[in-house]
Amino acid sequence: MGMLRDLRKKVAKRLGVPPFVVFQDPSLEDMALKYPVTTEELVNIHGVGEGKAKKYGKEFLELISRYVEENDIIRPEDLVVKSTGVNSVNKLYIIQNIDRKLPLDDIASSKGLAMEALITEMEQIVNSGTKLNIKYWIDEMLDEDQQEEIHDYFMESHSDNIEDALREFDGEYDLEELRLMRIKFISEVAN
């Protein structure tokens, strides 16, 4: 986002216009979320029409393309999320913010979801074949030995049924910990 703002300031100064004339903040925020790399994709950014895309877009697209390339960014266009409508918007938001290692409770509250609902969304994402790296979050909850114990359970289990796992561990881990570990397991082993 900062790089986009800096570029906007440079372009605006060169053209002698206020920065918001080039692109407004919501447009830059949308670019930072969607990483457009073609004029067609840029036109689909909030507040960017064909005129603005043609007039100001070239340098922004070059900057974003370079950034995507250098940082191995998975762009929304590159993801296949098997769902439609509001759900896919939520899923995309979840995937991108987990990539950014945002706290899961922040991701949930920003979308008005209870933690349980967020975990359900995450389960659907990994079950449809998309990787989610939530190790950063699990590391805050469980130490390596605990993670290994749960990982080994799922590796040897004939089922990914959470009720079975709860019974097996008999109160040692709570529902949320086991569900999150199952997500991590499926993401690492199956995807």
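A residue is called buried here when its relative accessible area is under 20%, exposed when over 50% and partly exposed in between, with a 1.4 Å probe and protein chains only. The model is predicted, with local features requiring pLDDT of at least 70, side-chain atom pairs counted only at pLDDT 80 or more, and totals for chains, interfaces and linings using all residues. Residues are numbered from 1 along each chain as its sequence is written, and side-chain values use heavy atoms, with hydrogens and water left out.

Just after H3, tyrosine 35 adopts a positive phi of about 50°.

A nonpolar core is a set of buried Ala, Val, Leu, Ile, Met, Phe, Trp, Tyr and Cys residues joined through side-chain atoms within 4.5 Å. The largest such core has 31 residues, and those with the most contacts inside it are Ile98, Leu104, Met122 and Leu180. Helices that each supply at least two residues of this core include H6 (85–99), H8 (115–127) and H12 (175–190). Leaving aside neighbours within four places in sequence, leucine 104 is in contact with Ile98, Met115, Leu118, Met122, Tyr136, Trp137 and Leu180. A second, separate core of 20 residues includes Val11, Ala32, Val48 and Ile64.

How values were computed
Helix = DSSP H or I, 4+ residues; strand = E, 2+ residues; numbered from the N terminus. Contact = heavy atoms within 4.5 Å.
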